Amino acid sequence: MSPKNTLKSVLRYSLLLFIGLTTMSSIGCIAGMGGKVAMTEAQLPTEGAQENTSDMYRVEMSGGFNSDEVFEGQIDGPITVQDALERSGATQRYRSMDILVYRIVKETGRGLKMPVEYQSGGKTVMQEQNYALHPNDRIVITNRSLNAIDKVIDSLNPLN
């Protein structure tokens with residue numbers, strides 16, 4: 001066997017070992033929860049889920065070392081996603097975050113999921129995605145880790 005093939009073999013084996021260990025550790029986390037699978041993405045609200053809370057919006061924050069937190073705010077005029085993040089304290093709580101806005105379209109009764117990109121350097125939402133909030137909108141925020149392992153895994157994931 002040539003040294004070139006040996007190096008390929010070692011690299012391939014190392015990558016396979018890394019993926020296997022990563023998979024095993026995530027399965028261990030699920031098994032440690034009593035066999036229950038954790039929800040990684042919030043579910044769309046149903047049509048009549050929050051009919052009684054007019055002119056309210058909700059910010060659901062999860063991830064990091066803090067416990068999950070829910071902030072409910074009043075729509076007291078024109079309010080955008082950026083305003084809601086500041087009022088809920090999410091801009092101080094998280095350095096980097098993934099944001100999704102869930103909305104029920106009144107005309108069709110169907111759920112709409114709108115991703116929002118957050119620029120951690122300026123602590124602002126991309127201006128073209130700074131949507132005006134409607135009553136009963138849900139903003140779901142998850143902490144995005146920026147450590148080296150997460151960057152490598154994100155670079156291997158073709159969906160990001």
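This is a predicted model: local features need pLDDT of at least 70, side-chain atom pairs count only at pLDDT 80 or more; totals for chains, interfaces and linings use all residues.
First, the ground rules. Local features need pLDDT of at least 70, side-chain atom pairs count only at pLDDT 80 or more, and totals for chains, interfaces and linings use all residues. Residues are numbered from 1 along each chain as its sequence is written, and side-chain values use heavy atoms, with hydrogens and water left out.

I start with the core. A nonpolar core here is a set of buried Ala, Val, Leu, Ile, Met, Phe, Trp, Tyr and Cys residues joined through side-chain atoms within 4.5 Å. Buried means under 20% relative accessible area, exposed means over 50%, and partly exposed is in between, with a 1.4 Å probe and protein chains only. The largest such core has 20 residues, and L85, I99, L133, I139 and I141 have the most contacts inside it. Two or more residues come from each of β1 (56-62), α2 (81-88), β3 (97-104), β4 (111-116) and β7 (138-143). Those elements are DSSP runs, numbered from the N terminus: helices are H or I with at least four residues, strands are E with at least two.

Take L133. Contact means heavy atoms within 4.5 Å. Not counting residues up to four places away in sequence, L133 touches Y57, I75, I79, T80, V81, A84, R103 and I139.

Now α2. Which residues in α2 are buried? They are V81, Q82, A84, L85 and S88. They sit on the same side of α2 because they cover an arc of only 160° around the axis, the arc being that of the directions from the helix axis to the C-beta atoms. Just after α2, G89 has a positive phi of about 85°.

On to the loop between β6 (124-125) and β7, where P135 lies. P135 is partly exposed, at a relative accessible area of 37%. P135 and D55 are 80 residues apart in sequence, yet 4.5 Å apart in space, C-alpha to C-alpha. Leaving aside neighbours within four places in sequence, P135 contacts D55, M56 and I75.

N136 lies in that loop between β6 and β7 too. Phi of N136 is near 70°, a positive value in a residue other than glycine. Most residues other than glycine have a negative phi. N136 is partly exposed, with a relative accessible area of 25%.

K123 is in the loop between β5 (118-119) and β6. Phi of K123 is also positive, near 55°, and K123 is partly exposed at 41%.
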